[in-house]
Amino acid sequence: MADELDTGRLVGRPFDYYAATPAFITQYNKSFPPGALVFNGSCRSLFGTVLADAYRSAGAAAYLGYSEVVTVGYHNLAVNTFFGLLLAGRDVARALGDTLLQHGVKDPAGGFYGCEPAAFIGAGNQDLKITPEGFNNGSFEQGAGGLPQ
């Protein structure tokens, strides 16, 4: 891990937090399966497009995240609605649009540190659809990523 911190592929404070940079994604995620969707629920995960571009260059079809600091309440509502709609057969654009209609285009409790409230946004293939066939452990509690073994 020290090597990754030295190269700048990871940033953070040891034993406190780490964050992967676009260089980390480029180095270790050489290719995603066709139709892969990456959701990054961290604050400012789509503040710019650099991180999304790294995932998409590695083959991810779509990348979703937040423009600013997001509250846990808005995040939980948005994610549960979005993925529920996605697994019900809607494409990314429609699931995202319907989620924003239901919970607001921006986090109503946001606006921390003098920033704008966070928006839940996406980059990439907005026509992408995810089918629930083949998923087990879809709620991810078992840590297996919900994919068949």
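How many aromatic pairs does a search of the whole structure find? The search finds 10. Keep in mind that this is a predicted model. A pair of aromatic rings is described by the distance of the centres and the angle of the planes.

**Stop 1: Phe-39 and Tyr-66.** Select both side chains. Their rings form an edge-to-face pair, 6.3 Å centre to centre, with 80 degrees between the planes. Phe-39 belongs to strand β3 (residues 37-39) and Tyr-66 to strand β4 (residues 62-66), so the pair ties together parts 27 residues apart in sequence. Phe-39 is partly exposed, at 24% relative accessibility. Tyr-66 is buried, at 0%.

**Stop 2: Phe-82 and Phe-120.** Select these two next. The ring centres are 5.6 Å apart and the planes stand at 80 degrees, so this pair is edge-to-face. Phe-82 sits in helix α4 (residues 72-87), Phe-120 in strand β5 (residues 120-124); the pair therefore ties together parts that are 38 residues apart in sequence.

**Stop 3: Arg-44 and Phe-47.** Clear the selection and pick these two. Which ring does Arg-44 lie over? Arg-44 lies over the face of Phe-47, at 4.2 Å from the ring centre.

Methods: Residues are numbered from 1 along each chain as its sequence is written. This is a predicted model: local features need pLDDT of at least 70, side-chain atom pairs count only at pLDDT 80 or more; totals for chains, interfaces and linings use all residues. Side-chain values use heavy atoms; hydrogens and water are left out. Rings of Phe, Tyr and Trp (its six-membered ring) pair if their centres lie within 6.5 Å; planes under 30 degrees apart count as stacked, over 60 as edge-to-face and the rest as tilted. Helices (H or I, at least four residues) and strands (E, at least two) are DSSP runs, numbered from the N terminus. Buried means under 20% relative accessible area, exposed over 50%, partly exposed in between (1.4 Å probe, protein chains only). A charge sits over a ring if NZ of Lys or CZ of Arg is within 6 Å of the ring centre and within 35 degrees of the ring normal.
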